[in-house]
Structures are given as structure tokens and as C-alpha cells.
Amino acid sequence: QVQVEESGGGLVLAGESLRLSCAVSGSFEAVSLMGWYRRSPGNERDLVATITFGGVTVYAPSAKGRFTVSGDFAKNTVDLQMNSLKTDDAAVYYCRIRAKLANRPFTDYWGQGTQVTVSS
């Protein structure tokens, strides 16, 4: 099994910064991708940023230039540094991990989410 746990959410003022962290644990053989998604009320869960084992990063247009995703595939942790936060960034942020269990293909696992609230 794979356990995914996010931390670091909270309430900040517009313009401030926040850092989210995600830790993965369990009996898996490998992790190929880690990243962050978010869902605000009335919307679907959307990509924020991901990073692959090879170091390739993908950012949503709204995150480019303000957010930075960093992953440690040895420790199986992924962080999201969010700067210059806007009220539109308020959402529940979810950590996504693509991991492989023994005798199984790579599969996505998700955390429970952490709330980010941005006040004007």
C-alpha cells in the first residue's frame, strides 16, 4: 500500500508565501512522478505542478513564475513553494504520486488534501 500525506496548508494574505509538503510511505518499488493539484469550490481538480524522476517539471500557466515544485525521489517527498499568492489560489491542494507496487503497473495515489486559504 501507499500512504500520501500533505502538510503546510493554512491561511495567508494575498501576496504572501506558503510551502506545502508531501511525504509518501509504504511498500512500493519505485516512484516515477510526484506533484500537486488543486480544487476550488465548483471546479474540477486541476494540475498545479508535477516533477518526474528525471527532473522534468510541468506547471500550470497560473503557477509559472510564482510556484516551484521540488521532489526528493530518495526520500519520496515533494514540496510546493508558493509565492505571491492570490485569492484565486485558494483551494484544497492534493499531492499525487505515481508509484509501482510489486507485480503491478505504475498507479496514481492521492493524499487527502490540504486547505489553502488566501485572504485579501
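I count two strands as paired if DSSP finds at least two bridges between them. The model I am reading is predicted.

Entry 1, strands 1, 3 and 8. I looked up strand 1 (residues 2-7) and found that it pairs with strand 3 (residues 18-26) in the antiparallel sense, over six bridges. For a residue to check by eye, I took Ser7, which stands opposite Ser21 in strand 3. I then followed strand 3 to strand 8 (residues 77-82); six bridges join these two, and they run antiparallel. Here I noted Arg19, whose bridge partner in strand 8 is Gln81.

Entry 2, partners of strand 9. I went to strand 9 (residues 91-100) and listed its pairings. With strand 4 (residues 30-39) strand 9 pairs in the antiparallel sense over nine bridges. Strand 10 (residues 106-110) is joined to strand 9 by five bridges, again antiparallel. Strand 11 (residues 114-119) runs antiparallel to strand 9 and is joined to it by three bridges.

For Ala91 I found Val116 as the bridge partner in strand 11.

I checked the hairpin of strand 9 and strand 10, which has five residues between the strands. In this hairpin Asn103 takes a positive phi near 60°.

Why is strand 9 largely enclosed by the rest of the structure? I counted under 20% relative accessible area as buried. Seven of the 10 residues of strand 9 are buried, so the strand is largely enclosed by the rest of the structure.

How values were computed:
Residues are numbered from 1 along each chain as its sequence is written. This is a predicted model: local features need pLDDT of at least 70, side-chain atom pairs count only at pLDDT 80 or more; totals for chains, interfaces and linings use all residues. Side-chain values use heavy atoms; hydrogens and water are left out. Buried means under 20% relative accessible area, exposed over 50%, partly exposed in between (1.4 Å probe, protein chains only). Helices (H or I, at least four residues) and strands (E, at least two) are DSSP runs, numbered from the N terminus.
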